[in-house]
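Dear colleague,

My notes on it follow directly after.

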Amino acid sequence: MSDVLRAVVLAGGSGSRLWPLSRQQLPKQFLNLSGTDSMLGGTIKRLTPLISKNDVWVVTGEKHATGEAFSELDGLNQILEPCGRNTAPAVALSAALMQDLSGGEDPIMVVLPADHLVSKQDAFQDCLRQAVVAANSGQLVTFGIVPDQPETGFGYVQTEPEEQGVHRVLRFVEKPDRETAQKMLDDGNYYWNSGMFVWKASVILAEIEKYLPEVWSLLQEMRHAWNNGKSWQEVVRINFEKMPDISIDYGVMERSESVSLVAADIGWSDVGSWDAVHEIANHDANGNEISGNVLAIDCQNSLFRSESRLIAAVGLDDMIVVETPDAILLAKAGESQRVRELVDSLKKGSDKYHIEHVTVRRPWGSYTVLGEAGDGYQLKRIDVNPGAKLSLQAHQHRSEHWVVVAGTATVTCGDLIKVVARNGSAYIPIGEVHRLENRGKVPVQLIEVQVGDYLEEDDIQRFEDSYGRC
């Protein structure tokens with residue numbers, strides 16, 4: 001019987017249905033949609049006290065670890081994927097690493113998506129304890145959410161009709177139409193498939209070997225490499241893209257004969273759309289959720305969320321209105337699943353509305369694009385946190401003019417290092433090696449004017465970086 005518990009939090013999703021707040025570079029799992037924590041932070045916190053933060057591993061993309069999500073991931077154990085390959089390769093990799101990096105332990109793994117909300121903490125802990133016991137006996141355990149409506153957006157799991165405790169799973173059911181969903185609700189013994197799992201590392205690896213031989217074979221090559229002196233993260237970087245794109249549900253859970261379910265009434269939501277956000281929110285007397293700079297008169301059953309500008313609404317019913325500095329979403333309540341269609345359309349264009357916000361987080365602080373780029377120039381506001389510094393870098397297609405408006409900056413330009421106080425300036429010629437630092441205790445803010453024939457962010461040659469981006 002294993003008493004070693006580890007958690008794997010899957011944080012690689014795109015969250016496109018929560019656009020414009022969720023973007024490709026900062027998807028929903030790194031956002032605060034309800035409460036005081038990001039969704040990732042809340043997922044890790046709800047494991048306490050059964051599993052400590054030090055025993056949690058986060059599987060996410062390399063681009064998130066050194067990009068906008070840096071502050072959310074900093075200090076966490078990370079498994080970085082160079083590309084997305086769905087949940088089966090992520091689970092296989094995590095299980096193998098948990099065995100090999102621990103010197104041969106066989107921990108019980110709790111696998112959770114990073115982008116779900118759970119409002120009943122105590123109930124979740126009770127379900128987790130039940131699942132750990134079942135996992136210790138060799139079962140693959142899933143959390144089945146007790147359904148309260150004939151939902152067509154989730155898959156279902158059918159179990160044998162045990163009255164309590166852990167249920168034996170009979171089958172998994174794909175997302176149904178409404179009539180089928182209602183019939184399953186009436187029949188009972190059907191649960192929403194939550195995507196939360198508990199199992200021994202050795203048990204899930206044996207099932208992967210049985211049902212996903214392609215994943216297993218590549219995993220063994222990777223294990224041989226990192227167990228013979230190579231960096232495991234470098235091995236993953238080189239080999240992971242060869243993995244097939246397949247979910248653990250489809251690849252293993254729907255085929256295994258050792259699957260059990262814990263019925264979970266835990267206040268769960270996958271927060272998969274703005275309708276779902278509205279459903280779990282605190283509503284005013286008119287059924288509205290209002291967040292930010294909003295004035296709503298005679299409006300009912302609507303969600304209004306402003307990130308910057310005033311939303312002024314009169315006489316609106318059943319609406320979703322979400323404002324960010326560069327985009328506004330308007331949708332009828334009940335139609336927000338179709339936001340993904342908008343994102344798919346945006347991907348076909350040349351604009352970056354689906355990729356990043358006007359203010360882009362970086363490990364050292366953030367930058368904000370000030371208005372539309374002109375012909376050969378662009379303005380930004382740069383914010384550098386105390387003690388932080390940008391990479392030592394050069395640009396081949398643009399010069400930069402910096403005017404410090406708050407704090408005191410330390411500027412490296414070629415062989416010269418100088419301190420630039422408020423109202424001071426610095427000029428960085430095209431091709432010059434340079435760096436911006438904040439060695440003080442208050443934030444540095446400056447206005448940057450870029451001038452050149454190419455102004456995109458990929459015109460950066462890094463020579464040294466504190467955040468692993470070289």
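Which residues in α4 meet which residues in α7? Val91, Ala92, Ala95, Ala96 and Gln99 in α4 meet Ala201, Ser202, Ile204, Leu205 and Ile208 in α7, where contact means heavy atoms within 4.5 Å.

Some conventions apply throughout. This is a predicted model, in which local features need pLDDT of at least 70 and side-chain atom pairs count only at pLDDT 80 or more, while totals for chains, interfaces and linings use all residues. Residues are numbered from 1 along each chain as its sequence is written, and side-chain values use heavy atoms, with hydrogens and water left out. Helices (H or I, at least four residues) and strands (E, at least two) are DSSP runs, numbered from the N terminus.

Helices

Helix α4 covers residues 87–100. Its 14 residues span 20 Å from the first C-alpha to the last, close to the 20 Å expected at 1.5 Å a residue (the expected span being 1.5 Å times one less than the number of residues). Twelve of the 14 residues are buried, so α4 is largely enclosed by the rest of the structure; buried means under 20% relative accessible area, with a 1.4 Å probe and protein chains only.

Helix α7 (residues 201–211) packs against α4 at an angle of about 135°, with the axes 9 Å apart. Axes are lines fitted to C-alpha atoms, for helices over the stretch in contact, and angles run from 0 to 180 degrees between N-to-C directions. The pair therefore counts as oblique, the class left once angles under 35 degrees, over 145 and from 65 to 115 are set aside.

The axes of α7 and helix α8 (residues 213–226) come within 6 Å and cross at roughly 120°, which makes α7 oblique to α8 as well. On the α7 side, Leu205, Ile208, Glu209, Lys210 and Tyr211 take part, meeting Pro213, Val215, Trp216, Leu219 and Arg223 in α8.

Strands

An open sheet of four strands runs in the order β12-β14-β16-β17, with mixed pairing; two strands pair if DSSP finds at least two bridges between them. Because β12 (289–291) and β17 (327–332) each have a single partner strand, one side of each is left without a neighbour in the sheet. Within the sheet, β14 (residues 303–306) and β16 (residues 319–324) pair in the parallel sense over four bridges, and Arg305 has Val322 in β16 as its bridge partner.

Elsewhere, Thr410 lies in strand β23 (residues 409–413). Thr410 counts as buried, at 6% relative accessibility.

Yours sincerely

Note on methods:
Buried < 20%, exposed > 50% of the residue type's maximum accessible area, 1.4 Å probe, protein only.
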